[in-house]
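Thanks for making time this morning.

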Amino acid sequence: MSAFVPPPPQRPWGHRLFFPTAALYGALSVPLWVAGYFGWLGIGWTPALHAHEMLMGYALAVVGGFLLTRPSGMALTVAFAAWLAGRLAVLGGLPPEVAAPLALAYPLALFVIAGVPFLRAAKSGHNRLFGPVIGAFALAEALVWWGGDGGRTGALFALHLVGILMLVMGGRIIPSATAGEVRKQGGTLVERVQPRLEWAGVAGAVLAALTVAAGLTTGPLAWIGTAGAALAGVTAWARLARWRTGAVLKRPDLWSLHLGYGWLGLGWLFLGVERLAPLTGGAGWHVIGAGALGTLAASMMVRATLQREALPPDFSRPATAAIALVGLSAALRVAAASTAPGLLMPAAALAWMAAHLLVLWVLLRVPKRIRA
């Protein structure tokens, strides 16, 4: 007589929880902040709080969806509960002595659950970078609460960390995916990783981030961060120029990644310019925070979900429309820094909201993979 041995329980995949959460949070938080900014709602959210939530809330939810690929049920529950507690504490206006520990919980949980395994298992220098960068988000959160400038330094440091992750992750995912499409067309993508350019860009980005944490964004030494950010931006564009964007124009799942990386290169250049000649209305921050982050996050959330559910990474019309709306939103928001903010900022918020509601709709319609 044979004994029946039940299969091991399926571990939840973080993308099923964090990606839809990020899309919904992005769709709701931006228009609410704009409404509060113009006095239409009495919520009193400051620009620093808005930047904090777009980075530590929205962006880190996307990061969690990518990194928490096969967590235990307990680990996923702890991570999501920590993320939710942080949002409620910050947006609810709890006293700093209560809100700060709650806000720190998710970056610390993400580091323990996802960052530490990277440190232990990473074999290449590129992968070793993920652990320290993920851990540095806890430092960014601490700077928000105890940096002494209303959270500006912490938010700017977090923006640089997000930029580093996009620089490294995009620099591996995009050429690999593009190479497959070029190969289908009978060609070969020769310039893929471009390690020298990659390391030069990463070094510049890390240098720029460290100068933020050290308080060297202004004064006679501001040029150091400017040089680092400029190096990151120029190398990003140089790599993108060799990835044969023209070969993927019929693949929205691929050209959207190229578009996002183009925004990223421009965003790093703007972060460098901000050191020497600060731009009005947060224009420099939004090139990378709305253009690069919005485009790459929306594209990668849809693409990664399809791939993890063993489906072809073909974008539907709603997914493609979402990418277009994110780009429109970013362009309007950057323009609003100097032109008709009363008109362009609400328009940008509506485009951003529509884009992320479309992403949410697409994600929720992806069928779950059936595993034996």
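Let me begin with Thr295, which counts as buried because its relative accessibility is 0%, and please keep in mind throughout that what you are looking at is a predicted model. Thr295 sits in helix 11, which covers residues 283–308, and its side chain reaches the backbone oxygen of Gly291 at 2.7 Å. Which residues does Thr295 touch, if we do not count those up to four places away in sequence? They are Ser256, Leu259, Gly260, Trp263, Ala290, Ile323 and Val326.

Let me turn now to the surface, where Leu24, Leu28, Leu32, Trp40, Leu41, Ile43 and Leu357 form a nonpolar patch, with about 610 Å² of accessible area together. Helix 1, residues 14–37, contributes the largest share of that patch, namely 3 residues. Trp40, one of the patch residues, is found in the loop between helix 1 and helix 2, and Trp40 counts as exposed because its relative accessibility is 54%, where exposed means over 50%.

My last stop is Arg70, which lies in the loop that runs between helix 2 (47–67) and helix 3 (73–91). With a relative accessibility of 38%, Arg70 falls between the cut-offs of 20% and 50%, and therefore counts as partly exposed. If you look from Arg70 across to Leu271, which is 201 residues apart from it along the chain, the C-alpha atoms of the two are separated by 35 Å.

Key:
Residues numbered from 1 in each chain as written. Predicted model: local features only at pLDDT ≥ 70, side-chain atom pairs only at ≥ 80, totals over all residues. Heavy atoms only, no water. Helix = DSSP H or I, 4+ residues; strand = E, 2+ residues; numbered from the N terminus. Buried < 20%, exposed > 50% of the residue type's maximum accessible area, 1.4 Å probe, protein only. Patch = residues over 30% accessible without salt bridge, like charges linked within 9 Å, V, L, I, M, F, W, Y side chains within 5 Å. Areas by Shrake-Rupley, 256 points an atom, 1.4 Å probe, with all protein chains shown as cover. Salt bridge = Lys/Arg side-chain N within 4 Å of Asp/Glu carboxyl O. Polar contact = N/O pair within 3.5 Å; in protein donor to acceptor, adjacent residues only side chain to side chain. Contact = heavy atoms within 4.5 Å.
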